[in-house]
Amino acid sequence: MLAEVLAAIEPKPGEVAVDATLGGAGHARELLRRVTPGGRLFGLDLDPANLEPARALLSEIGGAFSLHHANFAGLQAILGAEGVRADAVIVDLGMSSMQVDDANRGFSFVRDGPLDMRMDSTRGRTAAQLLASLSESELASAFRDLGDEPHAEKIAAAIVAYRSNGSISRTVELARLIQEAAPVTVIRGPGQATPRQQQIRPTARVFQALRILVNRELANLQAFLRFLPDILAPSGRAAIISFHSGEDRLVKNAFREGMRSGIFISGSDEPIRASAGERYANPRSRSAKLRWIRRA
Ligand SMILES: C[S@@+](CC[C@H](N)C(=O)[O-])C[C@H]1O[C@@H](n2cnc3c(N)ncnc32)[C@H](O)[C@@H]1O
């Protein structure tokens with residue numbers, strides 16, 4: 001949703017831009033181009049593996065930028081240390097295609113790998129450690145609240161029964177367990193998803209819930225939304241792309257509250273969705289919702 005993001009946050013020469021979720025630097029490169037000359041880009045990512053490839057891409061453009069192996073929940077301290085506020089901020093939540101495609105990171109249920117799922121592999125508990133330690137009711141709540149999984153209880157019970165005989169350490173092992181615990185009745189007919197797409201839905205939902213839990217994604221977003229008005233310069237703009245109803249609700253409520261209090265003066269009334277072309281080319285963008293605001 002690059003074009004939509006740029007239209008929303010309008011980065012201009014001389015401004016301070018922030019890409020809080022650098023990933024493959026697709027957004028960051030365009031931000032840097034637009035704030036140069038005279039401006040500066042701050043790029044953050046929880047995943048240290050993203051920084052050097054991003055540095056190489058951004059160096060080709062020239063202009064002033066700094067990259068930080070950091071959680072965007074700590075952005076206020078990073079900007080504060082430099083004594084600046086941001087004119088244009090983008091947060092593109094979730095995981096990058098590099099992370100999903102690397103089986104060793106454990107994000108994909110299609111490729112076998114260790115059940116890790118940490119975006120920052122230098123700290124925190126892995127998905128395997130959470131699966132081994134959370135209670136049945138904690139697992140069920142996570143699958144229901146963070147994955148919208150209707151069979152959350154059944155899947156949690158199957159995990160607890162399975163782990164009494166040993167740990168769950170591989171992605172395909174968990175995927176098999178979910179498919180056995182929550183078998184899908186495939187509905188055929190025009191307009192229906194393919195049988196394969198229907199069969200993997202519970203697995204996709206449980207993997208999403210675990211990833212959100214492992215990386216404390218909602219808590220990070222809440223922290224960011226709390227200090228957002230303070231890190232934006234007057235007339236500063238921020239855009240957030242979310243992929244999950246729980247995230248979008250937090251963003252919607254924080255933006256509405258800011259509009260009510262007068263700290264934000266304009267923004268998107270309804271979430272902006274990816275174009276038909278992008279949805280076709282990139283199936284992940286089908287669930288993306290972009291919201292933006294402008295500070296008073
Ligand atoms: C969807 S990708 C971003 C893609 C990027 N916009 C691009 O153009 O390539 C999300 C990235 O955000 C990072 N990330 C997720 N949560 C984060 C957090 N709390 N702080 C910093 N980075 C985070 C992930 O490691 C991942 O690289």
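At what angle do helix α9 and helix α10 pack, and how far apart are their axes? In this predicted model, helix α9 spans residues 171-181 and helix α10 spans residues 195-214. The two helices pack at an angle of about 125 degrees, and their axes lie 9 Å apart. This angle makes α9 oblique to α10, because angles from 65 to 115 degrees count as roughly perpendicular and those over 145 as roughly antiparallel. The crossing in which α9 passes α10 is right-handed.

The side of α9 in this contact consists of T171, L174, A175, I178 and Q179. On α10, the contact is made by Q199, P202, T203, V206, F207 and L210. Sorted by class, the residues joining α9 with α10 comprise seven nonpolar and four polar ones, and no charged residue is found among them.

Helix α10 also takes part in the second largest pocket, to whose lining α10 gives the most, with three residues. The volume of this pocket is about 450 Å³. Its lining comprises 19 residues, and those nearest the centre of the pocket are G124, L213, V214, N215 and R216.

Note on methods: Residues are numbered from 1 along each chain as its sequence is written. This is a predicted model: local features need pLDDT of at least 70, side-chain atom pairs count only at pLDDT 80 or more; totals for chains, interfaces and linings use all residues. Side-chain values use heavy atoms; hydrogens and water are left out. Axes are lines fitted to C-alpha atoms, for helices over the stretch in contact, and angles run from 0 to 180 degrees between N-to-C directions. Helices (H or I, at least four residues) and strands (E, at least two) are DSSP runs, numbered from the N terminus. Angles under 35 degrees count as roughly parallel, over 145 as roughly antiparallel, 65 to 115 as roughly perpendicular and the rest as oblique. A crossing is left-handed if the near helix is turned anticlockwise from the far one by less than a right angle, and right-handed if clockwise. Contact means heavy atoms within 4.5 Å. Ala, Val, Leu, Ile, Met, Phe, Trp, Tyr, Cys and Pro count as nonpolar, Asp, Glu, Lys and Arg as charged, and the others, Gly among them, as polar. On a 1 Å grid over the protein atoms alone, a cavity is a set of points where a 1.4 Å probe fits but cannot get out, and a pocket is an open set with protein on both sides within 12 Å along at least five of seven lines; lining residues have an atom within 4 Å of a point. Grid points are joined across faces, edges and corners, and a volume is the space filled by probe spheres set on the points.
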